Amino acid sequence: MSDAIEIVVNAKVLRVEPGVTVASALLNNDHHVFRRSTTGEVRAPVCGMGICYECRVTINDVAHQRACMVTVEHGMRVDTGSAA
Amino acid sequence: MSKTRQVVVIGGGPAGIAAASAAAESGARVTMIDEGPAPGGQIWRPAVHSHPPLAAQRWIVRLNATQADVLRSTSVVDIERRNDRFVVVAESSGNGREVVADAIVLATGARERFLPFPGWTLPNVVGVGGAQALAKNGVSFRGKRIVIAGSGPLLLPVAAYLARGGAKVLAVAEQAPLANVARFAASLWRRPRTLAQAIGLRSAFARTRFSTGTWVAGARGDSTVKEVTLTDGRSTRTLACDVLCAAFGLVPNTELARLLACDVVGGAVRTDDAQMTTIAAVYCCGEPTGIGGVDLALVEGEIAGFAAAGVGPSEHLAARRAVHRREAASLERAFALRPELLSLAGAETIVCRCEDVRWGAIDQRWSARQAKLYTRLGMGACQGRVCGAALECLLGWPADSVRVPTQPARSRTLIGVSLANHQPNEQGAS
Amino acid sequence: MNGARRSDAIVVGAGIVGAACAAALARDGWRVTILERSFASSGTTSVGMGHLVVMDDSPEQLALTKYSLRQWRELTPTLDRRAELDACGTLWVAEDESQLAALRAKRDLYATADVATEVLDPRALSEAEPHLRRDLAGALRVTNDSVVYPPGATLGLLDDARKHGAVLRDGIGVEAIVPNGVRLASEVLRADIVVNATGPWAPRLTPALPITPRKGHLAITDRYPTFCRHQIVELGYLTSAHVMTSESVAFNIQPRSTGQVLIGSSRELVGWDAQINREILRRMLQRASHFMPRLGDLSVIRCWTGFRPATPDKLPLIGRWDPIPGLWIAAGHEGLGITTSLGTAQLLADQIAGRVPEIDPAPFSPMRALAAVHS
């Protein structure tokens with residue numbers, strides 16, 4: 001991945017393929033904790049098309065973004081695992 | 001000549017592309033609003049760094065040849081009626097905008113139907129189309145052991161797609177009985193191209209076990225899904241896997257139609273010969289009028305686009321639509337859901353994933369609204385799109401009412417441009 | 001109730017007021033039947049904010065809200081998690097010096113009424129609620145106010161009523177209230193007393209009641225557990241609530257125990273039109289983001305409307321309705337029905353039992369409606 005870009009996931013730098021969604025970048029790095037459900041369960045993408053809202057993460061400090069609908073950008077900060 | 005008609009097409013799948021093209025070619029000023037990063041919708045979604053499928057390219061070329069304005073990665077969150085016109089409120093990257101329309105074409109597509117079973121909330125339990133969408137958006141399933149268990153004509157194409165991407169598809173389980181699936185397969189003889197596709201698909205994962213009359217009984221795992229149990233009602237088998245794809249057909253996206261008070265019967269938006277809904281100047285085409293597939297969506301889209309632009313009907317298109325509608329009806333019968341699927345959830349199984357409402361918390365004598373108020377069922381961010389469609393099957397509960405915002409939206413988007421720069425000074429009598 | 005025969009009471013309406021009245025009467029020994037045309041907590045109770053708040057539009061209102069809050073505190077140990085009780089307190093915020101003066105007057109009034117408060121200067125306010133705009137003049141924290149989820153609290157009250165023998169019959173519409181009874185579609189139910197607790201619909205059964213539906217809008221966000229800690233209300237809210245002649249919006253925001261943020265409020269007199277009025281919704285959200293600029297970034301997941309049972313003098317109608325033997329009224333609570341449900345029920349039960357209520361019931365007598373007509 002010579003043309004990889006960097007995003008920051010939970011304060012850790014991750015090199016990811018450009019053009020993919022945030023959901024893809026996380027899953028391809030074996031990152032399965034997207035959000036915590038109201039009773040604390042770990043949740044990750046289900047529908048892949050913006051319907052189910054299970055993949056909500058915080059992107060650049062804006063909470064509740066659908067990771068499956070946002071394309072990664074260099075320097076993007078992604079925070080996962082919060083209550084949503 | 002009268003003033004140019006402003007047509008807003010919502011949705012950029014086949015129906016939306018056809019509608020936008022037809023309307024723009026007929027002289028309307030067209031804005032197509034789509035949630036995806038590029039037109040194509042779910043079925044024509046291009047993979048990252050790749051082109052849309054060949055079938056799509058002809059249509060996308062046609063769309064690009066028009067003056068239609070395409071708003072990408074943009075979600076419609078409200079349509080407000082103002083006198084004879086509509087104000088469509090949309091949001092992109094957190095920024096709101098409003099588009100005025102004389103006519104609306106709803107081409108909002110469909111979503112997958114998910115049914116609750118033990119373990120369905122584990123990470124890596126995804127939809128069938130969901131897995132394909134994730135793959136096309138860059139998820140690598142290379143080397144992953146995948147079980148596909150659900151229903152509908154999507155199972156085999158997705159299995160083939162994932163297998164071509166290097167996944168090990170261990171099993172494909174179709175809940176419909178063999179007789180139904182065979183009848184559906186036989187009907188493909190009438191469409192040789194589709195049959196050739198189906199045969200091609202099968203060869204891509206020739207060693208995969210394809211079972212009919214088989215469905216998922218449960219999944220287990222810890223941080224992600226680790227194994228799935230399939231059953232045919234008599235025996236069960238448990239497979240270790242990395243990913244489970246489980247979805248049971250498609251559900252029309254009718255939220256915007258219902259927001260506009262269009263008649264929706266049996267989950268499908270009612271339309272007339274010109275694809276107009278029961279609300280004047282609101283047209284609907286493709287899956288929201290009843291699951292029918294891409295060919296029907298294209299025809300309905302064209303008819304809707306022409307009509308929205310004020311052009312009369314074409315007999316040729318109407319005839320093609322009739323043919324595709326018959327095919328759609330046979331599809332629906334073939335993949336009817338078996339009753340066993342409606343009792344997979346145990347008392348502890350979560351039904352509403354947004355609010356973690358468990359099956360055992362729901363009293364079946366309640367109304368849907370009562371369940372919502374008493375348990376928070378359907379109160380979360382997906383606005384009941386997942387649990388609502390499931391409970392419609394499980395308990396016959398009708399879909400909840402639809403209000404603004406039709407999907408979560410920043411409050412600043414709802415405040416809108418009209419007031420954004422206005423200095424408020426109001427309280428009470430001021 | 002003494003004696004061998006237990007007397008029958010019918011409570012019409014299983015909103016929070018009806019549920020509270022049923023519980024109070026059942027505790028007094030009445031054999032209570034609650035009739036609900038839909039399901040418990042399906043009307044105004046299901047659409048309100050659930051702010052348990054001391055309000056001082058009038059001395060009577062102050063007395064009733066304060067009395068009710070004390071009962072909520074007594075009830076607290078028995079409330080289950082469905083009630084989602086959160087003792088978050090209320091912050092009344094002042095925008096400028098003149099409002100600050102009004103705020104101090106409120107503090108003084110509350111001090112004489114023994115309601116615990118604390119004045120926050122701008123710095124303390126910023127610390128307490130970092131997302132409020134920085135140029136506010138100050139705030140009054142009312143320490144013992146809190147928040148509940150009204151349907152959950154109502155279900156708890158109904159459980160309490162049932163424990164004392166009450167029976168809830170839902171899906172039963174009352175067609176008319178008759179002397180010592182009610183007429184249903186196919187039968188007449190007899191009772192020693194009937195309580196009309198049907199909120200904004202009360203005039204349908206008791207036409208002379210001066211209750212008007214006063215529409216409100218609310219919006220709720222996704223989860224932002226640290227966005228605000230108190231229910232925060234602009235001082236002008238009271239004006240908004242008081243003035244009946246025009247439509248109005250006022251900043252009134254609530255942290256839910258779920259981490260969600262509930263945003264209000266609006267008031268309109270438009271009959272029973274439940275449609276969301278986009279212009280009102282815009283103004284309401286705009287007003288809220290005027291006080292909390294970051295609110296614009298919050299994701300709103302749902303909006304809805306509801307109808308408050310409003311009365312001309314802003315006081316509920318609680319007490320005997322002389323024209324119909326056996327009929328008592330507990331309705332017309334405008335936007336304070338959740339708070340005052342408990343006080344209402346006690347006030348009513350005391351009067352029915354012939355006890356002297358702890359607060360003066362006279363200002364709440366529904367008979368004042370007839371007096372107003374005849375005067």
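Leaving aside neighbours within four places in sequence, which residues is B:D69 in contact with? The partners are B:V30, B:T31 and B:M32, where contact means heavy atoms within 4.5 Å. This is a predicted model, in which local features need pLDDT of at least 70, side-chain atom pairs count only at pLDDT 80 or more, and totals for chains, interfaces and linings use all residues. Residues are numbered from 1 along each chain as its sequence is written, chains are lettered from A and ligands numbered from 1 in written order, and side-chain values use heavy atoms, without hydrogens or water.

Stay with B:D69. It lies in strand β3 (residues 69–71) of chain B. Strands are DSSP runs of E, at least two residues, and helices are runs of H or I, at least four, numbered from the N terminus. B:D69 has 38% relative accessibility, so it counts as partly exposed; buried means under 20% relative accessible area, exposed over 50%, and partly exposed in between, with a 1.4 Å probe and protein chains only. B:D69 and B:V30 are 39 residues apart in sequence, yet 6.1 Å apart from C-alpha to C-alpha.

Now the helix pairs. Two packed helices are described by the angle between their axes and the distance between the axes. Axes here are lines fitted to C-alpha atoms, for helices over the stretch in contact, and angles run from 0 to 180 degrees between N-to-C directions.

In chain B, helix α1 (residues 14–25) and helix α8 (residues 293–308) have axes that come within 7 Å and cross at roughly 30°. α1(B) and α8(B) are therefore roughly parallel. Ala, Val, Leu, Ile, Met, Phe, Trp, Tyr, Cys and Pro count as nonpolar, Asp, Glu, Lys and Arg as charged, and the others, Gly among them, as polar.

Helices α3 (residues 128–136) and α4 (residues 155–164) of chain B pack at about 30°, with axes 9 Å apart. That makes α3(B) roughly parallel to α4(B). Their crossing is left-handed. The contact includes B:V128 and B:A131 of α3(B), and B:L155 and B:L162 of α4(B).

Helix α2 (residues 59–75) and helix α9 (residues 337–353) of chain C have axes within 7 Å, crossing at roughly 95°. α2(C) and α9(C) are therefore roughly perpendicular. Their contact divides into eight nonpolar, nine polar and one charged residues.

The largest nonpolar core has 172 residues, and B:I148, B:L162 and C:W72 touch the most other members. Such a core is a set of buried Ala, Val, Leu, Ile, Met, Phe, Trp, Tyr and Cys residues joined through side-chain atoms within 4.5 Å. Its largest share, 10 residues, comes from helix α1 (residues 16–27) of chain C. Beyond four places in sequence, B:I148 has contacts including B:V128, B:L155, B:L162 and B:C245. A second, separate core of 53 residues includes B:W44 and B:V282.

Finish at C:G306, in strand β17 (residues 299–310) of chain C. C:G306 is buried, at 10% relative accessible area.

Key
Angles under 35 degrees count as roughly parallel, over 145 as roughly antiparallel, 65 to 115 as roughly perpendicular and the rest as oblique. A crossing is left-handed if the near helix is turned anticlockwise from the far one by less than a right angle, and right-handed if clockwise.
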